[in-house]
Amino acid sequence: MAERKAASSGTPEPPQRRNLFYLVLAYLSTGLGIVGAFLPLLPTTPFLLLAAWSAAKGSPSLHRWLYEHPHFGSALIAWEQHGAVSVAAKWVACIFMTLSWLIMLFQTSGPLVPVLTGILFILVATFLLTRPSM
């Protein structure tokens with residue numbers, strides 16, 4: 001009996017807790033992604049990619065719904081199979097990053113935040129624009 005307890009002390013987390021974590025993460029990410037489709041400052045794509053990944057581990061029905069969704073499904077499939085992003089999404093992302101940077105430039109007093117943010121936005125835009133288009 002003591003051997004059995006010792007052997008079980010190093011076991012990983014129970015599957016139910018792990019599945020609950022992925023399930024909550026999937027639904028939370030899906031909700032944020034849907035809200036992001038309507039609010040320009042909240043990104044949709046990263047949340048949907050996180051939702052698809054976590055749903056695959058915690059909710060097969062949500063995973064299937066995301067991939068079969070008429071609006072989100074094609075983007076998820078394109079990213080998964082080819083790492084591709086639509087041309088429209090690239091344009092929208094770059095326009096909003098530029099507008100955000102301009103607003104920040106005129107709203108902050110020092111140069112540090114706009115310079116660091118500008119570098120970050122340039123890196124993100126470079127990554128995005130070098131992805132294949134769908």
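Modeller: Quick ground rule: buried means under 20% relative accessible area, exposed over 50%, and partly exposed in between, with a 1.4 Å probe and protein chains only. This is a predicted model, where local features need pLDDT of at least 70 and side-chain atom pairs count only at pLDDT 80 or more, while totals for chains, interfaces and linings use all residues. Residues are numbered from 1 along each chain as its sequence is written, and side-chain values use heavy atoms, with hydrogens and water left out.

Colleague: Okay, why does Tyr 22 count as buried?

Modeller: Its relative accessibility is 16%, and the cut-off is under 20%, so Tyr 22 counts as buried.

Colleague: And what makes Trp 53 partly exposed?

Modeller: Trp 53 comes in at 44%.

Colleague: Why is the pair of Tyr 22 and Trp 53 called edge-to-face?

Modeller: Rings of Phe, Tyr and Trp (its six-membered ring) pair if their centres lie within 6.5 Å; planes under 30 degrees apart are stacked, over 60 edge-to-face, the rest tilted. Here the centres are 5.6 Å apart and the planes sit at 85°, so edge-to-face it is. This pair links distant parts of the chain, with Tyr 22 in helix H2 (residues 15–36) and Trp 53 in helix H3 (residues 45–58), 31 residues apart. Helices here are DSSP runs (H or I, at least four residues), numbered from the N terminus.

Colleague: What links Phe 21, Tyr 22 and Trp 53 into a cluster?

Modeller: Ring pairs do. Phe 21 and Tyr 22 are also edge-to-face, at 5.4 Å centre to centre and 65° between the planes.

Key
Helix = DSSP H or I, 4+ residues; strand = E, 2+ residues; numbered from the N terminus.
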